[in-house]
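Look through the structure below before reading the notes. They are arranged by topic and can be checked against the picture.

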Amino acid sequence: VNSCVPFGRILMSPKQKKIARTTELKNSTWLFLAQSTRMVGSTAGIMLVARYLGPSQYGMLSIALSINAIFLPLVNLGLQRVILKELSIQIISEKIIIKSAVIMQIFGSIFAAILSYTTCVILNFSDQIIIMCVILSISYFFLSSDIISQFFLYRQKSYKTMMGIILGTIFSFTFRLIATNLSFTLVFFSAANIVQNATNLLVNIFQYRKMKFEKNKNNEVTRSRKSIYILLLRQSYPIFIASFFTAASVNLDRIILEKHFNLQDIGIYAVLLQVLMLPKTAIAAYIAGLSPQMIAGYSNGLDAFANRVTQGLSEAFLLALSTLIVLVAFGNYVINFIAGPEYEYSPTTFSLLCLGLLVSTPSAMRAEFLLLQGKQKISLFIGMGEAIVLSLAFALLIPLYGISGAAGAYLINSVFSAIFLNLAIRPLRPYAKIYFSAVLRALTLNPIREIIKSLK
């Protein structure tokens, strides 16, 4: 049944379809549990580091992490989405695709590390921030684990990613715990990312080497390594350029805040973003678990794709809605429990951030939709448009309203991206229908009724 899922869903019997749906849910559940484990570790890490450092020093660490995140797309190169598509097509050997992507990521890591250091020097940041950026840049070289995770995802073996994430989370938390107990300086806390990413990569490599590879001689073609690089880059460059613009604009807030406000405000704002990142990561993992079947559904026509994506995104939207309602209602207790009473914030700021995340959730499969249509270049213009709107909103609102202005800018950009762009760009109008259908299904609680029915 697993081999039939990507290519023959229409030919399945009702019983086979039910088994396939169960496989999809298991795949998503494993990824959800893996990211939930990371969430627990991240929450524990925030509790340790934020309480130990205090708002001002935590704000300084947040600035270094923002610089690191800006150049992260240059490491990933948008390859994750492209690799999943190429593995599904099965024209090129699986091993060759994985190896080529890893080599491309290594060169991307070198380039990203150079740019990260150069940016810190140009913006005249303090020596501490520059040193932390250099240390964080080392973690770029261990992100090849994401490529291997995509292979596990394609093979419906998402549980294999669980071990790497668990061990990485445990080792990273242990490192932070030792650092706080031994009263290490701020700079040492930036090395926790290296510990986590390196552990995850080593575990994934170990499990990858134990996988069996079967050649498909009927469809498989021989290509030179150079032609494979060109093939992958030709498909991925609009995605990673758009991601770069998005990452640069999203992380611009802390740079602007650093020029207009004190580090304490930045620390409080960073804690709010970190807390909100926890459910965002879990929701993204849930959608990622369904993505192979969503992508495969496109081979059966746009209607089959739309139905499958609508179902998956409605489940994710309902999950996001219920989680964010709890966070807004009990946000003060959550922040006090995680970071401590020093991190006093405005409820308006947190509510605006939550709304921004909720509005953007059903757009999670938009890039894949464009990729399947061969119109991934549109992602480039979408990323540039979002970057311009968000940067202007930050520049206008942050000097006037501080961190509340930054949260408002996020909401404005989410509405612009998820609603205006989906309706304004002609190739995205079919996706706009998927977006609104997913929201409507979630608000009418259809996903809950379907899950209860399948359990019965």
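The notes below start with the whole chain and then turn to selected places in it.

This is a predicted model. The protein has 18 helices and 0 strands. Of its 456 residues, 54% are buried.

**Overall fold**

- Take the contacts between residues at least 6 apart in sequence: 82% of them join residues at least 24 apart.
- F107 belongs to helix α4, and its side of the story at the surface is simple: F107 is exposed because its relative accessibility is 59%, where over 50% counts as exposed.

**Helices α4 and α5**

- The axes of α4 and α5 are 9 Å apart, and the two helices pack at an angle of about 170 degrees.
- Angles over 145 degrees count as roughly antiparallel, so α4 and α5 are roughly antiparallel to each other.
- From α4, the residues that make the contact are A113, S116, Y117 and C120.
- From α5, the contact is made by I130, C133, V134 and S137.
- Sorted by class, this contact has 6 nonpolar residues, 2 polar residues and no charged residues.

**The loop between α4 and α5**

- Helix α4 covers residues 94–122 and α5 covers 127–138, and N124 lies in the loop between them.
- Most residues other than glycine have a negative phi.
- N124 is not a glycine, yet its phi is positive, near 60 degrees.
- N124 is exposed, since its relative accessible area is 67% and the limit for exposed is over 50%.

**Cysteines**

- How many disulfides does the structure hold? The count is 0.
- A disulfide is a covalent bond between the sulfur atoms of two cysteines.
- The closest cysteine sulfur to that of C133 is in C120, at 3.1 Å; a disulfide needs the sulfur atoms within 2.5 Å, so this pair is too far apart for a bond.
- C120 and C133 are both among the residues that make the contact of α4 with α5.
- C133 is buried because its relative accessible area is 1%, and buried means under 20%.
- C354 is also buried, with a relative accessible area of 3%.

**Aromatic rings**

- A pair of aromatic rings is described by the distance of the centres and the angle of the planes.
- The count of aromatic pairs comes to 5.
- One of them is F416 with F420, a stacked pair with 5.4 Å from centre to centre and 20 degrees between the planes.
- Both F416 and F420 lie in helix α16, residues 403–424, and they are 4 residues apart, about one turn of the helix.
- F420 has a relative accessible area of 49%, so it counts as partly exposed; exposed would need over 50%.
- Y435 and F436 form an edge-to-face pair, with 5.2 Å from centre to centre and 80 degrees between the planes.
- Is Y435 buried or exposed? Y435 is buried, because its relative accessibility is 4% and the limit is under 20%.
- F436, the partner of Y435 in the pair, is partly exposed, with a relative accessible area of 38%.
- F71, F244 and F245 form one aromatic cluster.

Notes: Residues numbered from 1 in each chain as written. Predicted model: local features only at pLDDT ≥ 70, side-chain atom pairs only at ≥ 80, totals over all residues. Heavy atoms only, no water. Buried < 20%, exposed > 50% of the residue type's maximum accessible area, 1.4 Å probe, protein only. Phe/Tyr/Trp six-rings, centres within 6.5 Å; stacked < 30°, edge-to-face > 60°. Axes fitted to C-alpha atoms, helices over the stretch in contact; angles between N-to-C directions. Parallel < 35°, antiparallel > 145°, perpendicular 65-115°, else oblique. Contact = heavy atoms within 4.5 Å. Nonpolar A, V, L, I, M, F, W, Y, C, P; charged D, E, K, R; others polar.
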